[in-house]
Amino acid sequence: MTTASAEPTDVKPLSRRLLAVELLIVLGLSLGASGVGALISFAGSLTEPVALGKQVATLNASRAPGRPWLDLAWQLYYVARGLMPVALVGYLLVREGAALRTLGFDLRHKLSDLGRGALVAACIGGSGLALYLGAQAVGFNLTVAPSGLPDVWWRIPVLVASAWQNAILEEVVVVGYLLRRLRQLGWGWPAAVAAGSVLRGSYHLYQGVGGLVGNMVMGVVFCLLYRRWQRVGPLVAAHALIDTTAFVGYALLAGHVSWLPS
């Protein structure tokens, strides 16, 4: 004699409406909210009596000046909290019978991912720096200070961790997850790429027009590479290498070279 299971064994696929709601919730808890915050921040910068080029946007700021151990605790907290949307995306993918591996976020091809990422970083990093310096010089961009951390033993490790957290969050959510959901909603590739690129640019708007435009261009390139490779792994590696170079390089060079605004 068999007994019927108390729980249903078949899981129906989500409707397009529920997929759209899910997407809005994920973005509202992560980079979509950052985009709104960046817009408000930029509006505030525009209404300041000081020119944009003379204002400073500090990344990786100290959370507890003068209290290094408390500061370290805050830094690690924000790195871990920044990865929670990635955990949420992973959970939602598992619920539909997929996984983060479906997006190409795994270690199956770690060497090739790192090699491709290094090549992309070398191509994009230099042009991005040139665009930033040009936009800042003509007053379209704030002066970006990638590190505001004190000169203590944990500064460099925290900056590297922050770079990887940014890379994982942005590439998994804005490229892998967003493009997957938009395609499931019936969007064509051009529209999906445009949406991902605008989103990437939006949450960098706090830096100014240069941050917006430069990251939109980067978004187009990364979306096209993802379409070709079907993996976010190389994009995570490229983004992490770019940010690590910017964060650590600024911490070591600021105030010591004339060409770097600080």
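Arginine 181 is buried in this predicted model, with a relative accessible area of 1%. Its charged side chain has a partner: glutamate 96 forms a salt bridge with arginine 181, and the closest N and O atoms lie 2.6 Å apart. This pair links distant parts of the chain, since arginine 181 belongs to helix H6 (residues 155-184), whereas glutamate 96 sits in the loop between helix H4 (84-95) and helix H5 (110-137), 85 residues apart. Glutamate 96 has a relative accessibility of 35% and therefore counts as partly exposed.

This contact is one of 10 salt bridges that the structure holds. A further example joins arginine 231 to aspartate 113, with 2.8 Å between the closest N and O atoms. Here too the pair links distant parts of the chain: aspartate 113 lies in helix H5, and arginine 231 in the loop between helix H8 (209-229) and helix H9 (233-253), 118 residues apart. Are these two residues buried or exposed? Arginine 231 has a relative accessibility of 7%, so this residue counts as buried. Aspartate 113, at 4% relative accessibility, also counts as buried.

Notes:
Residues numbered from 1 in each chain as written. Predicted model: local features only at pLDDT ≥ 70, side-chain atom pairs only at ≥ 80, totals over all residues. Heavy atoms only, no water. Salt bridge = Lys/Arg side-chain N within 4 Å of Asp/Glu carboxyl O. Helix = DSSP H or I, 4+ residues; strand = E, 2+ residues; numbered from the N terminus. Buried < 20%, exposed > 50% of the residue type's maximum accessible area, 1.4 Å probe, protein only.
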